[in-house]
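Dear colleague,

Please find below the structure that I am passing on to you. My notes on what was found in it follow, and I would be grateful if you could read them beside the coordinates.

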Amino acid sequence: MVAADTAVVTGASSGIGEAIAAALLAQDIPVVALQRSAPKLKNHDLHFRAVDLTDLKATRKVADEVAAEFPVRYLVNNAGQNCPNPLEKATVEELNLVTTITLGAAMVLIQAFVPGMRRAKFGRIVNISSRAILGKSERIVYASAKAGLEGMTRVAAIETGADGITVNAVM
């Protein structure tokens, strides 16, 4: 078992998630990457758990396993999906997909890791949002999901702040 406070980062296979994982590893914080494919980043403190974040049952199972194995004190909900379409072409199926990844997986992971953070009286949760919530053409689905994530962030911050846990959204 890893003794050091550990971070869980979703979507660390590329882009923002990969950069976040690399920055945490550079600070000697072990990282568990949750995503479908193995990260390109290599480090002895980088642990990979394959999971399709659109499968919330599987996500819950993996999160519970990670919570039992690692002292998770940091969570970065970075994974997401974008289905750009104008309003007239956007579908409810796209909305369901994007909200499942953006909101459903984030909620499952927050619920899995907050109990350990509460016991430790310390935790940091960062949800990656988007400026698209302010309005951007062809982003009706994406902006709606990210706006929901901002609401989730606020409520989680209110409910966990007294326990030494901070919850923020970054766009």
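Apart from neighbours within four places in sequence, L34 makes contact with V8, V9, T10, G11, R49, V51, L53, V62, V66 and L109. Please note that the model is a predicted one.

L34 also belongs to the largest nonpolar core, which has 27 residues; V8, L34, V66, L75, F113 and I125 are the members that touch the most others. Two or more residues of this core come from each of strand 2, helix 2, strand 4, helix 3, helix 4 (140-160) and strand 6 (165-170). Helix 3 supplies the largest share, namely nine residues. There is also a second, separate core of 13 residues, including A21, L25, V31 and Y74. As background, nonpolar side chains in soluble globular proteins tend to be buried together.

**Helix 2**

Which residues of helix 2 are buried? They are T59, V62, A63 and V66. These residues cover an arc of only 105° around the axis, and therefore lie on the same side of helix 2. In general, an α-helix has 3.6 residues a turn, so residues three or four places apart point the same way. The packing partners of the buried residues of helix 2 are strand 1 (6-10), strand 2 (31-35), strand 3 (46-50), strand 4 (72-77) and helix 3 (92-120). On the face turned away from the buried side, helix 2 carries the exposed residues K57, K61 and A68.

The length of helix 2 was checked as well. The helix comprises 14 residues (56-69), which at 1.5 Å a residue should span 20 Å; the C-alpha atoms at its ends are 20 Å apart, in agreement with that expectation. At the start of helix 2, the backbone nitrogen of K57 has a side-chain oxygen of D55 within 3.2 Å.

**The protein as a whole**

Four helices and six strands make up the secondary structure of the protein, and their order along the sequence is β-α-β-β-α-β-α-β-α-β. The radius of gyration is 16 Å, close to the 16 Å given by the globule rule for 171 residues, so the protein is as compact as a globular protein of that length. Along the principal axes, the C-alpha atoms fill a box of roughly 50 × 35 × 30 Å.

Of the 171 residues, 46% count as buried. Among contacts between residues at least 6 apart in sequence, 64% join residues at least 24 apart.

With kind regards

Methods
Residues are numbered from 1 along each chain as its sequence is written. This is a predicted model: local features need pLDDT of at least 70, side-chain atom pairs count only at pLDDT 80 or more; totals for chains, interfaces and linings use all residues. Side-chain values use heavy atoms; hydrogens and water are left out. The expected span of a helix is 1.5 Å times one less than its number of residues. Buried means under 20% relative accessible area, exposed over 50%, partly exposed in between (1.4 Å probe, protein chains only). The arc is that of the directions from the helix axis to the C-beta atoms. Contact means heavy atoms within 4.5 Å. A polar contact is a pair of N or O atoms within 3.5 Å; within protein, one must be able to donate a hydrogen and the other to accept it, and residues adjacent in sequence count only if both atoms are side-chain atoms. A nonpolar core is a set of buried Ala, Val, Leu, Ile, Met, Phe, Trp, Tyr and Cys residues joined through side-chain atoms within 4.5 Å. The radius of gyration is taken over C-alpha atoms; the globule rule is 2.2 Å times the number of residues to the power 0.38.
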